[in-house]
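Trainee: Could we take a close look at one helix in this model, and then at a loop elsewhere?

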Amino acid sequence: MTRQPKGVVEGKLNIPQGTLELLILTIVRREPLHGYGIAQRLKALTRGTFEINPGSLFPALYALERDGKLRCEERLSDNNRQARYYTPTASGLKHLEAEERRWERVTAAISSVLQGA
Amino acid sequence: MTILYRIRALARWLFRREEIERALDTDLEDYIERSAAEKVRAGMNEAEARRAARIELGGVEQTKESVRVRLSFAVIDNTLADLRLAFRTLSRQKTFSAVTVSTLALGIGVNVAIFSLFQQVLLRPLPVPEPERLVNLTDPVADPKFAVRMDPRLFATQGGSNEGGERGTVFSYPMFRDLERDQEPFTGLAAHTFDEAKIAIDERTRPATAAYVSGSYFSVLGLRPALGRLLGPDDDRVDGRAESVVLSHAYWQSEFGGSLSVLGRTLAINEVPLTIVGVAPRGFHGTAVSARPSVFVPITISSGVTDAFAANLAIPNHTRRDHYWVRLFGRLEPGVTREQAGSAMNALHRAILSEVEAPLLSGADEQQREAFRTRPLELVPGARGQTGSRVLDPARNSLERLVAVSGAVLLLCCANVAGLMLLRATSRAGEVAVRASLGATRARLASLQLAEALVLALPAAILSLPFAWFTLRGASLVPGIPAAAPDATLSPAAALIAMGFALAAALAAALLPIRSLIRTKPGTVLQAQGARHTTTKGVARFRATLATAQVALSMGLVAMTGVLAQSLANIARLDLGADIDSVVMFEIGRRDGISLPGLGPRLGTAGRLEEALAAIPGVSSTASSLSPLLSLQKGTFNVTVQGVDAEPLRASGDRIGPNFFEMFGTEVLAGREFNSTDGAEGVIVNRRLAERLGLAPDSMIGRRIDAGARRIDTGAAVTYEIVGVIGDLRLSGKVTEDIQPQVFFPTPIRDTFYVRGALPPEALLNAVRETVARVEPTIPVFNLQTMKQQFRANIAVERFVAGISTVFAVLATALAALGLYGVLAFSVAQRSREIGLRVALGAPTGRIRRMVLRQVARMAIVGIVLGAIAAAVLGRAAQSLLFGVEAGDPIVLVAAAVLLAAVTLGAAYIPARRASRVDPMSALRYE
């Protein structure tokens, strides 16, 4: 994989403000996942539209864990290294649901404005 | 997920840095490994893949740093923002803020002061190295020690307790020397006591406290001199001789200006010349809490008392084994536990008791001898010095009560603040709902609430200092405390601890409403507010409940205050059996009830003084006794009357001079009182003693009583003839106690004098001071005051509690009024449409007003009833402070209820008027 220059290339976008947490929680809801996996899954799911660099990913992960929305378990991964797998807590799930609903309303509202205009 | 979980999570992230760092290492390493593995699979070679992965990460350290920043700064940023917001909000709500802050300040202030006192009087260890290795020797079984005296003439002047000053913690000097010689568990055994002494420097004689200390004293403590040397083993070799003296640092400063040339100068203690050899270290005030000696004198100094009878009672006394006046402490050898030392010292003590002392007993039966021989010795921690002294007892009792009171004050303050915060929280439901619907997390809401608590608590902490200062001033009037802590200050440590407690309490009070806040459903609240419906019914009901609770609290406090005031009034009205108006008193050679043999009272002094005092123009009569009337310390002893078959009576009493009862106007029921020619054979008893024996006062005259004294030679009882019977006289400072049987003995040696005169109190006090100085210039005068002052000093705790309770009742009533006003104003505003409708339909204004008043009446009545019940129940706890009135006194309760009713109606008046003036048009049009 080669790095692409930021911003200018068609098909790549910055993640909208405040939605990174929503995205992370959604991803780890399926199964506990480590940091690299989260980044890869995000890229795969958005087909490369959103790419997150670790400098933003890890602060977000740690803040979610601090706020009790994520919890972490250490496991031995395939090649015998320690790895931290993130899962949402009950409060994280609740938060996610609320955020999802909010997001739906926001997008619905915005698209209806756009269509109506 | 509860709020507690959040706080825990936050705390974990704040305080477990290492854990976070470790987690970060794991995470980032794992990321690089996986990223590199991916690249290897894509065809890169191992090393290059790793490098690329690192670059992709954007630098391990940078990533770590951005995590750290996010975790810490976010918290700080939010907190600062919350604090700013809280400050802005609260500065707009002036009444709420002022009431909350002053309530908290009161609670904190009282506790800071009392905690300071407590710490300084009872908790502070001695300023010596390794104070925890010090142990005090005590003799817990006080009774057998005194059941048998070796010498009947040592029958104590105040009854069965020893003059030396305290129960069970004192030893005789020969016993000290025996123990010191043979003891092994200590690096050394030290003896000390303190006493008032005359100190003469360059012809000037002044009273001061002297500590009599053994040569081992300073070395056992491990102190170093501030100047010169301290006393050592060479200073107490020969009994009856002393040559050196060490000054306390404070005395050196005040008396000698800290001059270095003080060494080698001479001063005389009770007329014994001593050479100043050194100065004790700064901050060391001796080892008996509450006594602050100016000088440290070798314990071998002679008492200087020449009168044979007085010498038996005087200290230091180096020969008598039945004169208990020495306090002992030792420093444990390294590695020796208190238990080990205890068993070693017990064995030694018992051996001395049975081999040396038991054979000297006179008039003891076998059982008493056995009890005497097997008396245990106990070692107690001595890190804080002698805290068991009789001087300290009043202070300790007072302090324990004060600590309880101040704790209760803090609790009440917190309850009130919690109530206020709750009230505020419910009135903010709308704002919170808006915040929540805009996406504020519960944690943010909670943190906002906490920020408000902090913004309120910090000014309260600062404002508490004046409260604390006043409390300290008030508390230092409580008996015992001035002696125990003459220079009590607000100690920073105590202030910090108390403030910590108080802040924690305030925060807890603030946290209470958080639960209900964050449970708010934004939707319902906003709808309700938008439509101006009578909001959520729950909120209104909750506010009403709270206002009711505040009325109840205030009712309880007002009732308590009323009961305390009633009790104080009862005490003031109490018939003492003595007329103390326009009487002044003073003591010579005695302070705070501790007598100072070797100083002051001699044969003839009393007569000379009384003669001179009686000659003061305007003085109508004088009297004298051995210990002050209405002072706290009164010993008791057993009395039997010959020819009456009854159990021995526990009696108190005093030794008094002639015409004592006439001067105080005490009723003499039978016989006569002492006159100046009485010998030592007659006694006067009181009516209560006769009543206990079932005898009429008249029939007491001529009977002989046995008060426990025994002849040294034969062991026969010494009896006294009853020459008079008096009525009820309150002798003890505990004026509220029942009058005990009393026995009064005549004595030629008296040191408390009473002067009755028609002069104004100030003039009388001055005249007395001048007269004593002229007649007996070398005799120090203590406690020169009016008898009223003496009387009041005894009830200082009660007065203090009543004062605090008054302040608090006023505050609580203000709170209750505010709360009621808030509820009513709120509900009137809510119901303006309904009211408008009623008015439009023709309801007269009077009915509208009554409708609002009915609402307040319901809350007031429930609150008052609950408060009355609480006052009656809680008052039981304070019953020991009450006199002549029950906690649930109906008159007080009714008065408090009337007051509360008036206040609540007052609070309701404005909302009620507003309701009756609602303009139906505008109210209805609004919809």
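Trainee: Which residues are buried in α3(A)?

Mentor: This is a predicted model, in which local features need pLDDT of at least 70 and side-chain atom pairs count only at pLDDT 80 or more, while totals for chains, interfaces and linings use all residues. Residues are numbered from 1 along each chain as its sequence is written, chains are lettered from A and ligands numbered from 1 in the order in which they are written, and side-chain values use heavy atoms, with hydrogens and water left out.

In α3(A), the buried residues are A:Pro54, A:Leu57, A:Phe58, A:Pro59, A:Ala60, A:Leu61, A:Tyr62, A:Ala63, A:Leu64, A:Glu65 and A:Arg66, where buried means under 20% relative accessible area, exposed over 50% and partly exposed in between (1.4 Å probe, protein chains only). The helix is thus mostly covered, with eleven of its 13 residues buried. Helix α3 covers residues 54-66 of chain A and reaches 18 Å from its first C-alpha to its last, close to the 18 Å expected at 1.5 Å a residue (1.5 Å times one less than the number of residues). After α3(A) comes A:Gly68, with a positive phi near 80 degrees.

In chain B, B:Asp579 lies in the loop between α19 (537-573) and β12 (583-588); helices (H or I, at least four residues) and strands (E, at least two) are DSSP runs, numbered from the N terminus. B:Asp579 is partly exposed, because its relative accessible area is 37%. Leaving aside neighbours within four places in sequence, B:Asp579 is in contact with B:Phe664 and B:Arg756 (heavy atoms within 4.5 Å). B:Asp579 and B:Arg756 are 177 residues apart in sequence, yet 9.8 Å apart in space, C-alpha to C-alpha.
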